[in-house]
Amino acid sequence: MKKIVSSLLIFTMLFSLITVLPVSAKEFSDLNGHWGLEYINTLVNDGTINGYEDGTFRPNNTVSRAEFVKMIGKGSEKSNIEYIDVPADHWGYEYIMYSGLEVKGSAFLPNKAITRGEVLNLIWKRAGSKTGVIAPAIITNQGKNKDAIAWGYTYGIMSGDDGLNLRLDDTLTRAEGAALIVRSRQINDATPKKNFVDTVSEDILKAAFNSQILFDKEYTPDATFTNGEMAKASLRFGARQYNLTYGNITAKNELGCDYGKDFYVARNETLGGVPNTVEFVNANAKTGDTLSQLCYNLIKLVTSTASFKADKSYDDLKFTSDAQKKYLDYAAANGIYLYADNIINPEKEITMKEFAALLIQLDACLGTQVSYNSKGQGTNENLNLSVATYPENFEDYTAIIKSIPTYIYANKISDAKAKDMYTFATVMKSMFLNPLKEMETAFEKNNAKVDFTFYPALVTNPDSYFVYRVKMTVNEATNVSLKSLCDDKLECDDVILNTGDEIYMDLKILLPLGDLVLFYKDAKIVNIIK
């Protein structure tokens, strides 16, 4: 009798423990109105996930490696590794041994937070390890497993918060994990693919478009532009000049129309197969013509050598000139795509949105911004496309450069806007470099070796003087006072310099009365940001 009573008591306790957990995600007290409710509900119904005894699911908790493989369920093959940190009595032993999750060495690290990249690799394997899916290089280059990334992005399983930055090294929440698992299971051969141009966020597209002063009208996503406007924009892109001087190129207005000179140049560069008529100049530009011109001018503006690969081409190219095909093949070889297949739709009238989507990818390819050392040697710089991290005053600048910390932009250079001086500073860079060259020499005489980096995007002109921000890299110094190096030229708080330091400083220099040459003797350091 005692045994029967004892058995009934144990059964009652187990039953009560089971029934406190909700059988539907909607019953969890912390999921009311949560975006991941339906995803979580699917996995709760599958029996692969559950909540906590207090009736919560805790959707925003970070997922560990062991927790995620429990969420996704057992795979078909057992690992032959005896994990040193997963004993046979570990709560997740079976799920871990049958997970297929990649490890380094013999440790599984069950309690370590799993990354988005690890999750993507695993759900791709579970879905059959599909290959041959097309995605732009700016997407697939974010991780090692390009097939998994292309598959996850193109089928809409993982696109990040902005349609561009997948954040593969970031951790994820229980709700996010559930969403990725369910989405991956819904993919089949009939699932529509998502195009890059339709996935990347509008904020990023607008930021990329505005990072170059190329058109005489504001960004409007669905607006088109003419072949003449495209030709001028491409030349501005390649010359980094808004007011074109056509230096070192032959530019004739054979047709006697607006944009005639620009079209003459563009036609000689890559558009030899198009009609040489006023009607064509005024017709709306097409994607193939625009992309070939942009690629040609991208290579003109880079400070490093661009290599041409002949191993790839778009599937829908027809009747293009040899020059145009060369640059379109360059784009294809570098993974520049608007769509989810190996096509470019060359005959489609291009919109500003599509133009911006091409700019984003061209920037990732070679870098569309530039910085200079004091000797005038240029380095191509990439755009910062994490728009969510931009400072409030980002519109003071033409572009936000990736290599410059965002707090440098948040600290205003002057009351004037840097974007108003971008073209001038680019064309007249040698004028701004001269004081930096002299400063490096002066500092070295005082036992401090430094290098300065000049950014045309960080120049302002408040009144009858310039204020521009430069980066100083300290190559050799030990507890050296900046004031001891420049004495009366320092009009802000002193800093101590040591080897390896990087600081940003603002130089204030009066406008020259005669020739446009600036000198260190006329400079004042008015701000230090470290």
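Helix H5 (116-126) contributes 6 residues to the lining of the largest pocket, the most of any contributor; helices are DSSP runs (H or I, at least four residues) numbered from the N terminus. Helix H6 (137-140) and helix H16 (352-366) also supply at least two residues each. The model is predicted, with local features needing pLDDT of at least 70 and side-chain atom pairs pLDDT 80 or more, while totals for chains, interfaces and linings use all residues. Residues are numbered from 1 along each chain as its sequence is written, and side-chain values use heavy atoms, without hydrogens and water.

A pocket is an open set of points on a 1 Å grid over the protein atoms alone, where a 1.4 Å probe fits, with protein on both sides within 12 Å along at least five of seven lines; lining residues have an atom within 4 Å of a point. A volume is the space filled by probe spheres set on the points.

| Largest | About 1200 Å³ | 41 residues | Gln142, Gly143, Lys144, Leu168, Asp169 |

Helix H8 (residues 174-185) is largely enclosed by the rest of the structure, because 9 of its 12 residues are buried, meaning under 20% relative accessible area with a 1.4 Å probe, protein chains only. Among them are Arg174, Gly177, Leu180 and Ser184. Their cover includes helix H2 (37-46), helix H3 (65-72), H5 and helix H7 (146-154).

Methods. Buried < 20%, exposed > 50% of the residue type's maximum accessible area, 1.4 Å probe, protein only. Contact = heavy atoms within 4.5 Å.
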